[in-house]
Amino acid sequence: MGETVSVIVPIYKVEKYLHRCINSILQQTYQKIEVILIDDGSPDRCGKIADEFARKDTRVKTFHKENGGLSDARNYGMKHVTGEFTMFVDSDDWLEPKAIDHMVHAILSFQADVVQSAFYYAHKTYMLFDQRYYTKNGDLILLNNENLMKELVKNETVKNFAWGKLYRTKLLKDIPFKKGVLFEDVFWAHQVMHRVNRFIILNEPLYYYLQRDDSIVANYTTRNLDIIKGLKERHAFIEKEYEPLIQESYKSLLKTSLIHYNLLFMNRKEDKKGQHRKDIQKYIHDHFSQLNKATEKDKQLNLQLRLFYKNPYLNLLYLGIHKVIRKFKLYSKTIVLEKIKNSSI
C-alpha cells in the first residue's frame, strides 16, 4: 500500500484559490495521503469549504482555530500528522498530479531524508521556470549534508521555502516554526537541514507557486525586515556548526541588507525617521571587514559594498545607472527565467 504522506495546508483568506489547491492534492496519483486543513480563523468561506471537502473525502481532516498566522497554523497541523512523510502546501498554490508519487519514489529509492522539486512561479496568464538552477528532464541531484547546507545558504538550487519538499516526519516533530514573523521559513529551514544526511533535488517542476498582487512580498512594510533577523539567526548557527560557510552566509546577509535598504528608501513613508535604514547601515559598517573578505571574488557585490560603506546613496546611484544600461542593452543580455504562456491559471 505504501507509506502515508501527510499534507498540511494552512488556510487564511484564500477563498478564490482554495478549491484548486485542495483538488490538486486529492487528485494525486499517489492516493495514500492525509490532508490536514487548518482554518486559521479565516473570515471568509474558507472554513466552510474545508468542511465540505472533509465530508466528501475521509482522507481530509479539517481543524478550526483562532487566527495565529502561518507559523502557528503549520505548528498546529504538525500536531495531527500521522504519516511517515510530511508536505506543506500553501493554500493558494497547487501541485502537479504526479508530484507526491514522484517525490515518494525518489525518497524511498535513495533512502533520502528530504526531496525538493523544481517549481513554477505562477502568474495570472503565464508561468516562469528558473532554468538557471533547474533543467527540465534533467537527472536528479543528490546532496550530502555539507553540500546541502552550502546550497541552502546560497538559496539558489536549494530553497529556504518549507513548501515544495517532502520530509521524513521525524525530522520535523520538535522543530516548530517561529511565530509572529514574516519569512518564517528562513528561521526554520537550516534547523531541519542540519539533520539531513541525504537530500534530493528533482529537476521536474511539480509545484505551482502563485504570485499574488496582494502577497506580503508585493506590499512592502518594515515587517519584511524579519528576513534579515532570520538570516542573522541562521548566521549565528552557521558560525557554530558550519565554519567553512561563514563567508557565504555573510554574502547572503549583505545582499539581503542592500536590497532592503533600497526598498526602505523607495518606501520612505514606512521608515519616516530612517531608523531601519540606519540599523542596516550600522550592521554593514560594523562588519565591513568580514563582508569585504566574503565578497572578494564577487566584484559587483564587493563594489556595491564599498560604495555603500562610503555613502549608501552612491550604491543607489550605481544601481540606477546599471538599470539604465540594461534598459538600453549596452552590455550582454541578462539571463532571464523561461516564460511559459498559460491562460488557464
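The predicted model holds 23 aromatic pairs, counting rings of Phe, Tyr and Trp (its six-membered ring) whose centres lie within 6.5 Å; planes under 30 degrees apart are stacked, over 60 edge-to-face and the rest tilted. One of them is F119 with W163, an edge-to-face pair at 5.2 Å centre to centre and 90° between the planes. This pair bridges distant parts of the chain, 44 residues apart: F119 sits in strand β6 (residues 114-122), while W163 is in the loop between α5 (145-154) and β9 (165-168). Helices (H or I, at least four residues) and strands (E, at least two) are DSSP runs, numbered from the N terminus.

W163 also pairs with Y207, and here the pair counts as stacked because the centres are 4.5 Å apart and the planes at 15°. Y207 belongs to strand β10 (residues 199-210). F119 is buried at 4% relative accessibility, W163 is buried at 4%, and Y207 is buried at 1%; buried means under 20% relative accessible area, exposed over 50%, partly exposed in between (1.4 Å probe, protein chains only). Ring pairs join F119, Y121, Y134, F161, W163, Y207 and Y209 into a cluster.

Charges turn up over rings too (NZ of Lys or CZ of Arg within 6 Å of the ring centre and within 35 degrees of the ring normal). R74 lies over the face of F177 at 4.8 Å from the ring centre, and K136 over that of F129 at 4.9 Å.

Residues are numbered from 1 along each chain as its sequence is written, and side-chain values use heavy atoms, leaving out hydrogens and water. In this predicted model, local features need pLDDT of at least 70 and side-chain atom pairs count only at pLDDT 80 or more, whereas totals for chains, interfaces and linings use all residues.
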